[in-house]
Amino acid sequence: MNINETRITWIREKLSIALSPSLLNIQDDSHKHAGHEGAKGGAGHFSLEIASPLFEKKSLIECHRMIYEVLDEAIPAEIHALKIKITRSD
């Protein structure tokens, strides 16, 4: 398992415990940022698609804040960039 696979496992566990997502997809996008200034330190770039009942009646900004609060200890040392897509069940 490489370092970003380990990071994805950690992200998945943290978000699953805190937000009980009904949908959770995490993708390693680090290869797209090779040579990028932020990538030089070794932290990963990830895309996240997530749906959670805890997001109901919350703005997108509130949802993003919830996610960043859960992952805060890994930013910026382990996670340099995080692209977030909130999926709602309407």
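E73 and K14 form a salt bridge, with their closest N and O atoms 3.4 Å apart; the term stands for a side-chain nitrogen of Lys or Arg within 4 Å of a carboxyl oxygen of Asp or Glu. Because E73 sits in the loop between α2 and β3 and K14 in helix α1, the pair ties together parts that are 59 residues apart in sequence. E73 counts as exposed, at 59% relative accessibility, whereas K14 is partly exposed, at 28%. Here, buried means under 20% relative accessible area, exposed over 50%, and partly exposed in between, with a 1.4 Å probe and protein chains only.

The structure is a predicted model, in which local features need pLDDT of at least 70 and side-chain atom pairs count only at pLDDT 80 or more, while totals for chains, interfaces and linings use all residues. Residues are numbered from 1 along each chain as its sequence is written, and side-chain values use heavy atoms, with hydrogens and water left out. The pLDDT is the predictor's confidence in each residue, from 0 to 100. Its average over the chain is 91, and 88% of the residues score at least 70. Among the elements, α2 has the highest mean pLDDT (98) and β3 the lowest (95).

The chain holds 2 helices and 3 strands, and from the N terminus on they run α-β-β-α-β. These elements are DSSP runs numbered from the N terminus: helices are H or I with at least four residues, strands E with at least two. Strand β2 (residues 44-51) runs parallel to strand β3 (residues 79-86), and 7 bridges join them; strands count as paired if DSSP finds at least two bridges between them. Within this pairing, G44 stands opposite I79 in β3.

The search of the whole structure gives 3 salt bridges. One of them links K85 and E49, at 4.0 Å from N to O. Here K85 belongs to strand β3 and E49 to strand β2, 36 residues apart; E49 is partly exposed, at 22% relative accessibility. Another joins the side chains of E78 and R7 at 2.6 Å, N to O. As E78 lies in the loop between α2 and β3 and R7 in helix α1, this pair ties together parts that are 71 residues apart in sequence. R7 is buried, at 8% relative accessibility, while E78 is partly exposed, with a relative accessible area of 34%.

The loops have some backbone details to look for as well. Two residues other than glycine have a positive phi: S20, at about 40°, and K57, near 65°. S20 lies in the loop between α1 (3-19) and β1 (23-28) and is partly exposed at 44%. K57 lies in the loop between β2 and α2 and is exposed at 86%.

For the chain as a whole, 33% of the 90 residues count as buried.
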